[in-house]
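Biologist: Hi! Could you walk me through the aromatic rings in this one?
Modeller: Happy to, here it is.

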Amino acid sequence: QVQLVESGGGLVQAGGSLRLSCAASGRTFSSLPMGWFRQAPGKVREFVAAIHWTGGVTYYAASVKGRFTISRDNAKNTVYLQMNSLKPEDTAVYYCNAVENNIMPKFGSWGQGTQVTVSS
């Protein structure tokens, strides 16, 4: 199984940007579609974005499409989430995971996540 460590979160004003990183260990990373998920206080964890193992196909939740960009560097075993035009409703803990069926998390265990807080 792949071990995942998220980083890059922080406090930012509305309209600002952040870039999240997810470092993965394990030889199978480059063959896995990967995704980002988030969980806001009192809400269920939700899908944000996913990327095919080749990096050529991406999927986005409607709420972030046009503002967020997912990418990956298989040589570095890392997947990124560039977040622009951030809104207070983007405040959440962000997690990465492998995905299946394009938007579903594959692994049952999660990393510690990285906190993103957007102030109005």
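Modeller: One term before we start: a residue is called buried when its relative accessible area is under 20%. Also keep in mind that this is a predicted model.
Biologist: Where do Phe37 and Phe47 lie?
Modeller: Phe37 is in strand β4 (residues 34-39) and Phe47 in strand β5 (residues 46-51), so their pair ties together parts 10 residues apart in sequence.
Biologist: Is Phe47 buried or exposed?
Modeller: Phe47 has 16% relative accessibility, so it counts as buried. Phe37 is buried too, at 3%.
Biologist: And what about the rings of Tyr95 and Trp110?
Modeller: Their centres are 5.7 Å apart and the planes are at 75 degrees, so that pair is edge-to-face. Tyr95 sits in strand β9 (residues 92-100), while Trp110 is in the loop between β10 (104-105) and β11 (114-119), so this pair ties together parts 15 residues apart in sequence.
Biologist: Which of the two is buried, and which is partly exposed?
Modeller: Tyr95 is buried, with a relative accessible area of 11%, whereas Trp110 is partly exposed at 26%.
Biologist: What do the ring pairs link into a cluster?
Modeller: Phe37, Phe47, Tyr95 and Trp110.
Biologist: Changing topic: which ring face does Arg19 lie over?
Modeller: Arg19 lies over the face of Tyr80, 4.0 Å from the ring centre. Arg72 lies over the face of Phe29, at 4.7 Å from the ring centre.

Conventions
Residues numbered from 1 in each chain as written. Predicted model: local features only at pLDDT ≥ 70, side-chain atom pairs only at ≥ 80, totals over all residues. Heavy atoms only, no water. Helix = DSSP H or I, 4+ residues; strand = E, 2+ residues; numbered from the N terminus. Buried < 20%, exposed > 50% of the residue type's maximum accessible area, 1.4 Å probe, protein only. Phe/Tyr/Trp six-rings, centres within 6.5 Å; stacked < 30°, edge-to-face > 60°. Lys NZ or Arg CZ within 6 Å of the ring centre and 35° of its normal.
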